[in-house]
Each structure stands twice: as structure tokens, then as C-alpha cells.
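Keep the sequence and the structure side by side as you read.

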Amino acid sequence: MPSTLNFRRIIVAVVLSTTVLVSTTACGGETKSARNSLTAAEAAASPSPSSSFEKQKLAKTRFVANAGLAAGAAYQWIVKPFKAGKFKKGTKGRTFALVKAGLAGAFTYNRLKAAVNNAKGDPLLSKAVAPLSSGIDSLKNLGGKLRKGDATDADVGMFENVINGVKDAGKSAGAEVKDQVPSASQLSGG
């Protein structure tokens with residue numbers, strides 16, 4: 001009986017291996033010109049804004065969404081708990097608040113970088129946001145400081161100033177930013 005079972009396993013393994021080999025060979029058999037025509041057809045089928053106005057409109061919309069999420073996360077999980085004293089040693093729930101603040105710091109930095117990138121699609125918005133790039137870059141390590149509990153009043157104040165600067169820049173360019181608190185899954189998933 002054991003020899004029959006081993007024989008069956010060998011037959012199944014050979015059949016599966018042959019199936020995989022045949023399917024990969026069949027998929028890889030297209031010619032170079034066929035691949036190029038597929039790529040050209042796919043590129044023609046992909047939707048894209050048809051005018052510079054649509055590109056600018058999408059740039060402002062994306063900027064507002066990303067900056068709003070950044071501002072909401074910063075206020076909800078960094079500024080507000082810091083002002084309430086939740087990051088001070090000995091405070092109940094401090095560790096959890098610090099972890100959330102660290103995640104919010106990384107999320108905010110990521111969304112601010114995306115907002116600056118979106119602003120490049122609109123001439124007025126890109127001019128308004130350009131001076132803030134260095135301030136946003138300075139926030140890169142704040143998430144780690146918050147997570148470790150090393151953030152000071154000056155660090156959180158700088159964070160708040162950069163967020164307000166982005167909101168003011170958007171408002172001056174006709175793209176008013178309103179705080180949008182991201183969900184916990186957005187915060188942890190980035």
C-alpha cells in the first residue's frame with residue numbers, strides 16, 4: 001500500500017509540474033511587436049485629463065485632500081493630546097498616546113509631501129507652497145521623537161506652524177484646506 005501512495009504522489013507532482021511549465025511557456029510566447037502594440041493600446045486607453053484646466057483642478061483637489069488629512073491627523077493625535085498633557089511621564093494611557101502620535105507624525109509627513117507634490121500641478125499653488133518644503137522636511141524625524149516620548153513644546157509648536165502654513169498657502173491660492181481626521185486604518189496603513 002505505501003508504494004502505491006508514493007507512486008500516486010509522483011504522478012501528481014509530474015502532472016502539476018508539466019501544467020505549470022506549459023502555462024508559463026504559453027504566456028511567454030508573444031512576440032515583441034505584439035507586446036509593443038499592447039502597450040501602445042493600453043496607454044491610449046488610460047484616462048487622463050484633456051486640458052491644463054483639468055490638471056490644475058485635480059491638483060488643487062488632491063492638495064486639499066492630502067493637506068486636510070495631514071492637518072486632521074496632526075491636530076487629533078499630536079497637538080490636542082500634547083496640550084492635554086497626555087505625553088507627560090506618569091500619565092495614564094501615555095504609551096498608547098505616544099504610539100498614536102508617532103503613527104500620526106509619520107502619516108502627516110507623508111501626506112504633506114504628497115500635498116506639495118500635488119501642488120506642482122497648479123502654478124499659483126506651487127508658488128504658495130514652495131517656501132514650506134524645508135519646514136515639511138524638518139518634520140521627518142518628529143514621528144520618532146513622539147513615539148519615544150522625546151518631543152518638546154517647541155517640536156509640537158513647529159509641527160503646528162508647518163500645518164498652519166500649508167493651510168494658509170492653500171487658502172491664498174484658492175484651495176482652502178479643512179481638517180479631516182483620518183481613520184485608524186488610514187493612519188496605520190499610510
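**Inside the core**

The largest nonpolar core has 40 residues, and F63, L112 and I136 touch the most other members. A nonpolar core here is a set of buried Ala, Val, Leu, Ile, Met, Phe, Trp, Tyr and Cys residues joined through side-chain atoms within 4.5 Å; buried means under 20% relative accessible area, with a 1.4 Å probe and protein chains only. Two or more residues of this core come from each of α3 (52–83), α4, α5 (123–129), α7 (142–148) and α8. The biggest share is that of α3, which gives eleven residues. Helices are DSSP runs of H or I with at least four residues, strands are runs of E with at least two, and both are numbered from the N terminus.

Before going further, please note that this is a predicted model, in which local features need pLDDT of at least 70 and side-chain atom pairs count only at pLDDT 80 or more, while totals for chains, interfaces and linings use all residues. Residues are numbered from 1 along each chain as its sequence is written, and side-chain values use heavy atoms, with hydrogens and water left out.

Take L112 as a way into the packing. Setting aside neighbours within four places in sequence, L112 is in contact (heavy atoms within 4.5 Å) with A70, I136, L139, V162, I163 and V166.

Now look at A101, in helix α4 (residues 94–119). How accessible is A101? Its relative accessible area is 0%, so A101 is buried. Beyond four places in sequence, A101 touches W77, I78, F87 and L146. The C-alpha atoms of A101 and P81 lie 8.5 Å apart, although 20 residues separate them along the chain.

Helix α8 covers residues 153–172, and D155 sits in it. With a relative accessibility of 11%, D155 counts as buried. Its side chain reaches the backbone nitrogen of T152 at 3.1 Å, and D155 also touches L142, K145 and D150, again leaving out residues up to four places away. The 20 residues of α8 reach 28 Å from first C-alpha to last, close to the 28 Å expected at 1.5 Å a residue, where the expected span is 1.5 Å times one less than the number of residues. After α8 comes G174, with a positive phi near 85°.

Stepping back, the protein has nine helices and zero strands. Of its 190 residues, 32% count as buried.

Terms used: Buried < 20%, exposed > 50% of the residue type's maximum accessible area, 1.4 Å probe, protein only. Polar contact = N/O pair within 3.5 Å; in protein donor to acceptor, adjacent residues only side chain to side chain.
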